[in-house]
Amino acid sequence: MASKLSAALCLSLVLATGCQTTEKAPPTPVTPSWVTATPHADYMIYGVGVADSVGDMQTAKLAAQESARLALAKQLNVTIAATTNIEQSANEKSMQYHIDEVINSQVPSILLQGVKIEEEFQKDNTAYALASFNRTEAIMQTELSISGIDDTIRQTTLNAATKSQRLKQAIKIRRLVIERGKLNDYLQMLQSAKLPIPSEVQAQLASSEEVLNSLSFSITADSDRHSNIKDMVASALTGNGIQIVSDNADFELSFRVDWQHIKKADTFYSIGESFLVVKENGREKAHFNGKVKAASSYSQTAKSNAMQKLGGKLSKQLAEFIVSGA
């Protein structure tokens with residue numbers, strides 16, 4: 001009987017001991033090394049972002065991710081500031097320059113793509129994020145894109161039968177050239193050397209410049225009384241790289257300019273508003289208007305300065321017309 005009681009007591013003791021649990025504190029998360037020191041690699045670029053929570057941890061995580069992307073991009077921008085060279089591809093007083101200027105505003109710059117959030121970490125109310133970017137892969141893809149543009153330029157013909165067809169192809173080449181330039185700038189941002197332009201592509205570019213700079217315009221005024229203004233408009237356009245001819249022009253320009261002359265104290269102000277119609281083979285293709293203002297101590301100088309400004313504005317408008325029409 002005693003042995004049975006002892007056995008029962010022992011079993012109860014074992015069961016009681018087995019039911020006891022010891023609560024353990026959760027392990028403290030190990031802080032990754034990248035939180036305190038940004039990683040480095042030959043072919044990768046990293047950025048670390050941090051953000052404190054003000055009640056919403058998910059918002060803090062998103063803010064840390066964005067901070068990491070900005071930190072990564074900043075590393076590339078620092079390199080750019082030290083190495084970028086400004087290049088002038090065309091004479092400012094040429095039709096090509098005006099056209100390239102318009103196209104350049106239309107072709108978007110290449111943005112940094114392929115950034116990944118590699119890791120995330122949270123400690124107390126602070127979120128951390130590690131962004132990574134494969135620079136070598138991006139360089140290879142950009143170089144392939146540039147090579148593809150070079151091939152397209154090589155295959156573009158500029159010996160079409162009509163001037164309008166040649167103009168359309170020349171605009172296509174100029175657009176590709178500007179896109180190529182922005183890709184090359186992106187290469188430099190990635191800390192890689194720009195790709196030189198192959199000789200065959202250089203020849204195509206020179207041919208496209210010839211087409212654009214050989215464009216000709218004739219001018220007619222709305223009244224014989226404005227023949228002097230016609231001459232001033234022609235002079236202003238010529239000074240801005242536009243070729244003005246009397247006969248067999250590619251485009252005909254008809255215009256009028258309304259003037260307002262004001263004198264205040266010892267200063268003369270000339271305000272001119274132009275209305276321009278562009279025709280091709282007798283058919284209206286576009287309408288433009290522009291307003292300029294100039295001041296001088298001499299009335300004729302004020303008017304001449306206003307006309308020069310007007311010539312620059314009309315030159316850009318003609319370039320916009322040519323780009324959109326092609």
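The axes of α3 and α5 come within 10 Å of each other and cross at roughly 60°. This value belongs to a predicted model, as do those in the exercises below.

**Exercise 1.** Classify the relative orientation of α3 and α5, and state which residues make their contact.

*Solution.* 
Step 1. The sense of the crossing of α3 and α5 is right-handed.
Step 2. From α3, the contact draws on Gln-96, Ile-99, Asp-100, Ile-103, Asn-104 and Gln-106, while α5 supplies Ile-171, Arg-174, Arg-175, Ile-178 and Lys-182.
Step 3. Sorted by class, the residues of this contact are 4 nonpolar, 3 polar and 4 charged.

**Exercise 2.** Determine how α3 is oriented to α8, and describe the residues of their contact.

*Solution.* 
Step 1. Helix α3 covers residues 95–106 and helix α8 residues 299–325; their axes come within 9 Å and cross at roughly 65°.
Step 2. The crossing of α3 and α8 is right-handed.
Step 3. The contact of α3 with α8 comprises 8 nonpolar, 3 polar and 2 charged residues.

**Exercise 3.** Is the crossing of α4 and α6 left-handed or right-handed, and which residues meet there?

*Solution.* 
Step 1. The axes of helix α4 (residues 135–155) and helix α6 (residues 199–213) come within 9 Å, with a crossing angle of roughly 55°.
Step 2. The two helices, α4 and α6, are therefore oblique to each other.
Step 3. Their crossing is left-handed.
Step 4. Asp-150, Ile-153 and Arg-154 of α4 meet Glu-200, Val-201, Gln-204 and Leu-205 of α6.
Step 5. By class, the contact of α4 with α6 has 3 nonpolar, 1 polar and 3 charged residues.

**Exercise 4.** Characterise the second largest pocket by its volume, its lining residues and the elements that contribute to the lining.

*Solution.* 
Step 1. The second largest pocket holds about 360 Å³ of space.
Step 2. Its lining consists of 18 residues, and those nearest the pocket centre are Gln-113, Gly-114, Phe-133, Ala-138 and Tyr-186.
Step 3. Two or more lining residues come from each of β2 (116–123), β3 (126–134), α4 and α5 (163–189).
Step 4. Helix α4 gives the largest share of this lining, 5 residues.
Step 5. Divided by class, the lining has 7 nonpolar, 8 polar and 3 charged residues.

How values were computed
Residues numbered from 1 in each chain as written. Predicted model: local features only at pLDDT ≥ 70, side-chain atom pairs only at ≥ 80, totals over all residues. Heavy atoms only, no water. Axes fitted to C-alpha atoms, helices over the stretch in contact; angles between N-to-C directions. Helix = DSSP H or I, 4+ residues; strand = E, 2+ residues; numbered from the N terminus. Parallel < 35°, antiparallel > 145°, perpendicular 65-115°, else oblique. Left-handed = near helix turned anticlockwise from the far one by under 90°. Contact = heavy atoms within 4.5 Å. Nonpolar A, V, L, I, M, F, W, Y, C, P; charged D, E, K, R; others polar. 1 Å grid on protein atoms, 1.4 Å probe; cavity = no way out; pocket = protein on both sides within 12 Å on 5 of 7 lines; lining within 4 Å. Points joined across faces, edges and corners; volume = space filled by probe spheres on them.
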